[in-house]
Amino acid sequence: LKVFSNQALKILDKSGATVNYDKQTAKIPQHLVDEALRKCPKTVILSARNPKLDVVLDGKHIVGTTDGTGISTIDLETGERRTPTKDDVAKTALIVDALDHIHMYYPTVTPMDFPGHAHVLHEYDAAIDNTKKHFISGATYLPEEASFLVEMASTLVGGREELTKRPIISAVACMMSPLIIPSEQTDSALEFARYRVPLILMTMPLTGATGPITVSGSILVGNAQILGAITIVQMASPGTPVIYSSYPLSMELKTGAFSVAFPEATLVTVGHIHMAKRYGLPSYGGGTISSSKVPDQQAAYEKSLCALTCALAGGDVCGTIGLLENYTVLSYEQMLIDYEMYEYMLKICAGIDVNYESLALETIYKVGMEGHFLAEKHTLKHANEVWTPMLSDPRPYATWKEAGGKNVVERARDKVKEILSTHRPPSLDQDIKKKIAEIIKEGEKKIPH
């Protein structure tokens, strides 16, 4: 591997890897990788402000989150693209708080109305007062940013020691293809690891460009990067919770266009999900992702097929709602459309219960031929198990038309406005708010820029 972090090179050298400091390369022997994997917790708990909303990644659950750190927002009122703001982070965190099956919040956009070098602090600030759920920090490029985020999270839970017990934040560290361990993200990850903040170690090969054009080749390159990152982290801070993450892209070579949602990219993610299972690690990849520019039919089929494929492959985190155009554009309406697809996917992945109660044999005998089941106790008992859509409209055309004839994007827009006007999570204590503001102010002064 090419390792641009001097700190990581020293860790690998001390641990027994073959390191060339001049060329910034490291060859990691298999026994060292195996040792690092043994140190990784097999179950990862992502704590929330509200302990009842803690997330357990144990291979038995599918977990939902937002997609993260876009660079544009489709305005809810005008439908036009604009620069994202801290208010977008606050509003999307509030929406997540209202959605039962979205378990974590990853800042949907990078706010451009506050100092860029401290944007991660403002993202966390906007989120924590609007959702009680677990927070994922993305795009943390400096260890100083990580240190101030740790201080903010520690303020919420009562100190840094308590944070190691209840990590209410996790952090993304994205490796670079091919075979690169970057400096800034790695040094930030090592800072987080000092406090047992769970790390989402991500690979993003672009098949045909930064990864081999073959699916298995890009799986291999991405896997090597993640194993390298795991080894560095575990040699430095043994027992740090890590999550194996994959968000590849695929290139169409005739034009050079690329997409997160081409079949090849989805298959690379599936391969990485299986590699994570081989190592006994939680996985985070795929979900409702698309290269479409607006909430349209392309977004619908790309998002649904990618999410369902990754979920059926056994992914732990594969519900990533809200973004368009290869993770770069926030659409409020798309958040809820994605959520609808995600809930539908959960219902399918739950499978079919076959037991005495579900077979309803006694009720079938009672109703007999040419009867109906609507008035039966068995029907009433299980009525709440039937999926109830938030947006999908199953009514006949005439009824739908009479009710306004709104399409799914329009219905999603109405529902977003309803959530923003009615949902109110418990606010933070004023003393904590004051302390958080002081930390951010100090961070703006001390984080290099």
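Q: At what angle do helix α1 (residues 6-15) and helix α8 (residues 215-236) pack, and how far apart are their axes?
A: Two packed helices are described by the angle between their axes and the distance between the axes. In this predicted model, α1 and α8 pack at an angle of about 75°, with their axes 9 Å apart (axes are lines fitted to C-alpha atoms, for helices over the stretch in contact, and angles run from 0 to 180 degrees between N-to-C directions). That makes α1 roughly perpendicular to α8, since angles under 35 degrees count as roughly parallel, over 145 as roughly antiparallel, 65 to 115 as roughly perpendicular and the rest as oblique.

Q: Where do the numbers and element names come from?
A: Residues are numbered from 1 along each chain as its sequence is written, and because this is a predicted model, local features need pLDDT of at least 70 and side-chain atom pairs count only at pLDDT 80 or more, while totals for chains, interfaces and linings use all residues. Side-chain values use heavy atoms, with hydrogens and water left out. Helices (H or I, at least four residues) and strands (E, at least two) are DSSP runs, numbered from the N terminus.

Q: Which residues of α1 and α8 meet, and how do they divide into nonpolar, polar and charged?
A: Contact means heavy atoms within 4.5 Å, and by that rule Ala8, Ile11, Leu12 and Ser15 in α1 meet Thr231, Ile232, Met235 and Ala236 in α8. The residues of this contact divide into six nonpolar, two polar and no charged, where Ala, Val, Leu, Ile, Met, Phe, Trp, Tyr, Cys and Pro count as nonpolar, Asp, Glu, Lys and Arg as charged, and the others, Gly among them, as polar.

Q: At what angle do helix α11 (residues 332-349) and helix α16 (residues 408-422) pack, and which residues make the contact?
A: Helices α11 and α16 pack at an angle of about 100°, with their axes 8 Å apart. That makes α11 roughly perpendicular to α16. On the α11 side the contact is made by Tyr332, Glu333, Leu336 and Ile337, and on the α16 side by Val408, Val409, Ala412, Arg413, Lys415, Val416 and Ile419. These residues divide into eight nonpolar, no polar and three charged.

Q: How far apart are the end C-alpha atoms of helix α5 (residues 143-157), and what span should its residues have?
A: The expected span of a helix is 1.5 Å times one less than its number of residues. The 15 residues of α5 should therefore span 21 Å, and its end C-alpha atoms are 21 Å apart, which agrees. Just after α5, Gly158 takes a positive phi of about 100°.

Q: Which residues of α5 are buried, and what covers them?
A: Buried means under 20% relative accessible area, exposed over 50%, and partly exposed in between (1.4 Å probe, protein chains only). The buried residues of α5 are Glu145, Ala146, Phe148, Leu149, Val150, Met152, Ala153, Ser154 and Leu156, and what covers them includes α4 (119-128), β10 (134-137), α6 (160-165), β11 (169-174), α7 and α17 (430-446). One of these buried residues, Ser154, has a relative accessible area of 6% and, leaving aside its neighbours within four places in sequence, is in contact with Gly159, Arg160 and Leu163.

Q: Is Ser188 buried or exposed, and which backbone oxygens lie by polar atoms of its side chain?
A: Ser188, in helix α7 (residues 183-193), counts as buried because its relative accessibility is 1%. A polar contact is a pair of N or O atoms within 3.5 Å; within protein, one must be able to donate a hydrogen and the other to accept it, and residues adjacent in sequence count only if both atoms are side-chain atoms. The backbone oxygen of Leu142 lies 3.0 Å from a polar atom of the Ser188 side chain, and the backbone oxygen of Thr140 lies 3.3 Å from a polar atom of that side chain.
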